[in-house]
Amino acid sequence: MSFSDITGNGRIKKILVKALQRGRMPNSLLFSGPQGVGKIDMAYVVAKALNCLDREDDACETCSSCVAINKGVFPDVMRLAPVKSVLKIDQMRILKEAAYLKPMIGRKRVFIVDPAEAMSREASNSLLKILEEPPLFSHIILITSNPFVILPTVKSRCQFLSFSPVSRDDIVRCLIEHDLAEEKARILSLLVRGNLKQAMNMDWEEVRSQREKTWQLFLTFLHREPQASFFKEFSARSRDAAEEEMRPTLELLASFSRDLILIKENADPGLLFNPDFESPLRDEAASIRTGQVLALLDRVEEWLLTLQRNMNIKLFMSSIIVDAMESHNV
Ligand SMILES: [Zn+2]
């Protein structure tokens with residue numbers, strides 16, 4: 001994989017390419033951003049470009065260095081991963097000892113620490129000195145999707161690069177390149193909130209059945225039918241599991257509501273988030289007032305915001321039920 005194979009985050013690519021061309025790649029880097037947007041891939045391209053035998057500002061992918069790094073057998077590129085979810089001080093000791101030794105076969109040593117938030121406090125503190133004054137031939141790339149838990153003393157010693165979610169258009173393009181039909185690609189891109197990796201790993205059949213289930217739930221909201229069994233199902237789960245499933249469900253509910261509004265407003269069908277539901281959406285549009293759908297969309301968006309806050313899942317569910325009952329009186 002070279003820079004051109006990474007979808008999205010063009011601004012960061014430009015910064016890194018320029019740094020490589022000038023021979024001024026910072027020795028301490030912190031790649032921060034949501035999961036699945038290519039931070040690790042970017043770190044490996046940097047590691048390859050710093051050691052590539054043919055190119056200075058990218059990975060050629062064919063020289064012996066690039067090939068060995070891709071296989072994970074290049075001695076100067078090391079990835080440190082947590083053991084039982086913690087990156088320990090002993091692992092940092094290994095990093096530091098290696099970082100002060102000249103590269104064995106490459107031009108630069110590169111250490112990729114992923115995820116950096118798994119570093120214990122002692123492990124973080126033990127890195128401060130080397131992050132502050134790294135040997136010129138060693139680069140440390142910390143990767144995180146949760147920059148708020150990285151110690152400020154660590155952050156301030158690194159060049160901080162903030163990755164963005166991958167845009168929907170980029171995700172669609174990438175999925176189509178991987179042989180997914182355009183309509184399916186558009187639907188998946190809606191569900192993953194910029195997480196390209198998740199989009200690439202999704203199983204279409206599973207997505208299809210989840211959307212069918214949510215469509216039925218959407219109908220109960222529209223027709224003011226009880227949703228008790230649905231909420232009961234969620235209330236019985238742990239907060240994390242409930243949130244993980246609740247969020248896509250709410251996002252789908254919002255997308256069905258938006259589509260219904262688009263149809264009520266006679267918008268171009270090409271704008272629909274759920275083009276495969278166009279016919280049932282049209283059936284519903286015939287009997288529902290726009291105001292009712294707008295009220296439902298408002299509520300769903302409010303629930304999504306509430307879900308982001310760290311609140312008890314049972315309380316959250318009962319607040320949704322009360323809200324849903326009130327919406328029936330709109
Ligand atoms: Zn190469």
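Select strands E3 and E4 to begin: the two pair in the parallel sense over five bridges. The model on screen is a predicted one. Within this pair, Phe111 stands opposite Ile140 in E4, and Val110 stands opposite His139 in E4. Now follow the chain out of E3. It crosses through helix H5 (residues 121-132) to E4, and this β-α-β crossover is right-handed.

As background, the strands of a sheet pair through backbone hydrogen bonds, in either a parallel or an antiparallel way.

Go through the other pairs one at a time:

- E2 and E3 pair in the parallel sense over four bridges. Leu80 stands opposite Val113 in E3. The chain passes from E2 through H4 to E3, and this β-α-β crossover is right-handed.
- E1 and E4 pair in the parallel sense over five bridges. Ser32 has Thr144 in E4 as its bridge partner.
- E1 (residues 28-32) runs parallel to E5, and four bridges join the two. Phe31 stands opposite Leu161 in E5.

**Helix H4**

**The nonpolar cores**

The largest nonpolar core has 60 residues. Which members touch the most other members? They are Ala43, Val46, Ala47, Val113, Ile141 and Leu142. Helix H2 (residues 39-51) supplies the largest share of this core, eight residues. Centre the view on Val46: leaving aside residues up to four places away in sequence, Val46 touches Leu16, Met25 and Ile141. Apart from this core lies another, of 18 residues, among them Leu253, Leu281, Val293 and Phe316. In soluble globular proteins, nonpolar side chains tend to be buried together.

**Helix H7**

Next, select residues 168-177, helix H7. Which residues are buried here? Ile171, Val172 and Leu175 are. Look down the axis of H7: the buried residues fall within an arc of 100°, so they line one face of the helix. The face turned away from that buried side carries the exposed residues Asp169 and Glu177. What covers the buried residues of H7 includes helix H8 (182-191) and helix H9 (196-201). Just after H7, click on Asp179, which takes a positive phi of about 70°.

**Ser64**

Select Ser64, found in helix H3 (residues 64-71). Why does Ser64 count as exposed? Ser64 has 12 C-beta neighbours inside 10 Å, so it counts as exposed, because the cut-off for an exposed residue is 12 or fewer. Use the distance tool between Ser64 and Asp54: they are 10 residues apart in sequence and 9.8 Å apart in space, C-alpha to C-alpha.

**Zooming out**

Finish with the whole protein in view. There are 15 helices and five strands. Along its principal axes, the C-alpha trace spans about 75 × 40 × 30 Å. What share of the 330 residues is buried? Buried residues make up 35%. Among contacts between residues at least 6 apart in sequence, 73% join residues at least 24 apart.

Definitions and conventions
Residues are numbered from 1 along each chain as its sequence is written. This is a predicted model: local features need pLDDT of at least 70, side-chain atom pairs count only at pLDDT 80 or more; totals for chains, interfaces and linings use all residues. Two strands pair if DSSP finds at least two bridges between them. A residue is buried if 20 or more other C-beta atoms lie within 10 Å of its own, exposed if 12 or fewer, and partly exposed in between; C-beta atoms are placed from the backbone. Two residues are in contact if their C-beta atoms, placed from the backbone, lie within 7 Å. A nonpolar core is a set of buried Ala, Val, Leu, Ile, Met, Phe, Trp, Tyr and Cys residues joined through C-beta atoms within 7 Å. The arc is that of the directions from the helix axis to the C-beta atoms. A crossover is right-handed if, with the strands pointing away from the viewer, the path from the first strand over the helix to the second runs clockwise.
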